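Student: I would like to learn how to read the features of a protein model, one after another. Could we go through them together?

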Amino acid sequence: MENILKEIREELILKSNEQERITGLRFFREEVRLYGMKASVIREIARKGWDTVNQLSKKEIFSICEEFWKSGYFEESVIACEWSYSLKKKFEKDDFAVFEHWVAEYVSNWASCDTLCNHTIGEMVMKYPEFLGNLKQWTLSPNRWMRRASAVTLIIPARKGLFLDDIFEIARCLLTDKDDMVQKGYGWMLKAASEVHREKVLGFVMTNKKVMPRTALRYAIEKMPETLRKAAMKKS
């Protein structure tokens, strides 16, 4: 394991670029550790590394991913997300606790949150819908990234038309959240759901718009026709 980590980190250092690091920092308000490189470079390093580790057991790969998360570097978190998602066909119920631990202990910015939740945890929940209850518990967390994760985990299921009642329940739990990262997260979830269930999402928005933060509202209606957007944004 140590050799794999060493090789990946040497590659990250080799491909790092100070100007990319400075540019990347502009996308975050919180402190983020960056090597500095384009997303395509990270994905290429992840793909090359996967060729080395894909014969290992799932437990061994998850252990390497844990070390990536522990580093605090954004690029290493992306590789952890890429590798965990690559194991999706092997996901078992016990794996949810691993992913939940990663969110609770290591996620510290919106990009790591969304990369992990959109794919790895979203896939897990589609395979085992009983974990929707855990997402609802996350809405109560004092950790802003757990609360955002409760919503952004359902982006891809929402686009497939899945779990609409659960999506509305999570949105109601987060409805008046003061954190704009959480507002954007559940607004994005509603926007994704509107791709299949436009009228129902519009109904939810119209019912709740008096208390719904404008940030969440704008995200939720972004893909709707202009006439519906105007109606939703109109102050009553």
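Predicted model: local features only at pLDDT ≥ 70, side-chain atom pairs only at ≥ 80, totals over all residues.

Student: Which residues have the most contacts inside the largest nonpolar core?

Tutor: A nonpolar core is a set of buried Ala, Val, Leu, Ile, Met, Phe, Trp, Tyr and Cys residues joined through side-chain atoms within 4.5 Å, where buried means under 20% relative accessible area, exposed over 50%, and partly exposed in between (1.4 Å probe, protein chains only). Here the largest such core has 80 residues, and Trp83, Tyr186 and Leu190 have the most contacts inside it. Helix H12 (residues 180–194) gives the largest share of this core, 8 residues; helices are DSSP runs (H or I, at least four residues), numbered from the N terminus.

Student: What does Trp83 touch beyond its neighbours within four places in sequence?

Tutor: Contact means heavy atoms within 4.5 Å, and the partners of Trp83, with those neighbours left aside, include Ile4, Ile8, Trp50, Ile61 and Phe68.

Student: Where is Asn17 placed, and how exposed is Asn17?

Tutor: Asn17 sits in the loop between helix H1 (2–15) and helix H2 (18–25), and is classed as partly exposed because its relative accessible area is 34%. Its side chain reaches the backbone nitrogen of Gln19 at 2.9 Å, and, not counting residues up to four places away in sequence, Asn17 touches Tyr35 and Gly36.

Student: What is the volume of the largest pocket, and which residues are closest to its centre?

Tutor: On a 1 Å grid over the protein atoms alone, a cavity is a set of points where a 1.4 Å probe fits but cannot get out, and a pocket is an open set with protein on both sides within 12 Å along at least five of seven lines, while lining residues have an atom within 4 Å of a point. The largest pocket has a volume of about 530 Å³, and of its 23 lining residues the closest to the centre are Lys38, Ala39, Ile42, Phe74 and Val78. Helix H5 (74–86) is one of the elements that give two or more residues to this lining, and its 6 residues make up the largest share.

Student: How much space lies in the largest cavity?

Tutor: The largest cavity holds about 60 Å³ of space, and its lining includes Phe68, Trp69, Phe74 and Tyr106.

Key. Residues numbered from 1 in each chain as written. Heavy atoms only, no water. Polar contact = N/O pair within 3.5 Å; in protein donor to acceptor, adjacent residues only side chain to side chain. Points joined across faces, edges and corners; volume = space filled by probe spheres on them.
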